[in-house]
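Please have the sequence and the model at hand.

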Amino acid sequence: RHVFFVFAMGRQDERVYVPVSLFALYELASVLPTVLTVSWVWYYRGGLAWDGTARHFNWHPVLMIICLVYFASQALLTYRLLPCPKGLKKALHVGLHSCALTCAAIGLAAVLQF
């Protein structure tokens, strides 16, 4: 096995290999929008607060990006690319989707309470 590849799902004779550079690109595609949204809210929208002001609404885009872009993509990548037993993959997949659902619920609450 080469260190330049991580493998995806499939039976032992049908494994699909993904280059580490492509995996790093997937990770960057999930982290970069999150970082950009948080910095946009922090520097151009006045930051975050849970006090009924416009900063209260700022939680919504931050949590929706974290939910839909970061946690959802991490859940998919974990299930497809992590070389571990299937039970552990499923547990991590469900855990990450649960985090996404929690962020979505809090982001929705931020809008409804604004």
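A residue is called buried when its relative accessible area is under 20%, exposed when that area is over 50%, and partly exposed in between. The model discussed here is a predicted one. With a relative accessible area of 43%, D51 is therefore partly exposed. R55, at 35%, is likewise partly exposed. The side chains of these two residues, D51 and R55, form a salt bridge with a distance of 3.5 Å from N to O. A search of the whole structure finds 1 salt bridge.

Attention may now turn to helix 1. This helix has 25 residues, and the distance from its first C-alpha to its last is 35 Å, close to the 36 Å expected at 1.5 Å a residue. What are the buried residues of helix 1? They are S30, T34, T37 and V41. An α-helix has 3.6 residues a turn, so residues three or four places apart point the same way. The buried residues of helix 1 pack against helix 3. After helix 1 comes G46, which has a positive phi, near 90°.

Helix 1, which spans residues 20–44, also contains L32. The relative accessibility of L32 is 41%, and L32 therefore counts as partly exposed. Together with L22, L25, Y26, L28 and L36, L32 makes a nonpolar surface patch of about 540 Å².

The largest nonpolar core has 12 residues, among them V41, M64, C67, F71, L96 and A104. Two elements, helix 3 (59–81) and helix 4 (86–113), each give two or more residues to this core. Helix 3 provides the largest share, 7 residues. V41, already met as one of the buried residues of helix 1, belongs to this core as well.

M64 lies in helix 3 and, because its relative accessibility is 18%, counts as buried. Which residues does M64 touch, not counting those up to four places away in sequence? They are V69, C103, A104, G107 and L108. M64 and T34 are 30 residues apart in sequence, and their C-alpha atoms are 9.4 Å apart in space.

How values were computed. Residues are numbered from 1 along each chain as its sequence is written. This is a predicted model: local features need pLDDT of at least 70, side-chain atom pairs count only at pLDDT 80 or more; totals for chains, interfaces and linings use all residues. Side-chain values use heavy atoms; hydrogens and water are left out. Patches are made of residues with over 30% relative accessible area and no salt bridge: like charges are joined within 9 Å, nonpolar side chains (Val, Leu, Ile, Met, Phe, Trp, Tyr) within 5 Å. Accessible areas come from the Shrake-Rupley method with a 1.4 Å probe; for residues, only the protein chains shown count as cover. A salt bridge is a side-chain nitrogen of Lys or Arg within 4 Å of a carboxyl oxygen of Asp or Glu. Helices (H or I, at least four residues) and strands (E, at least two) are DSSP runs, numbered from the N terminus. Buried means under 20% relative accessible area, exposed over 50%, partly exposed in between (1.4 Å probe, protein chains only). A nonpolar core is a set of buried Ala, Val, Leu, Ile, Met, Phe, Trp, Tyr and Cys residues joined through side-chain atoms within 4.5 Å. The expected span of a helix is 1.5 Å times one less than its number of residues. Contact means heavy atoms within 4.5 Å.
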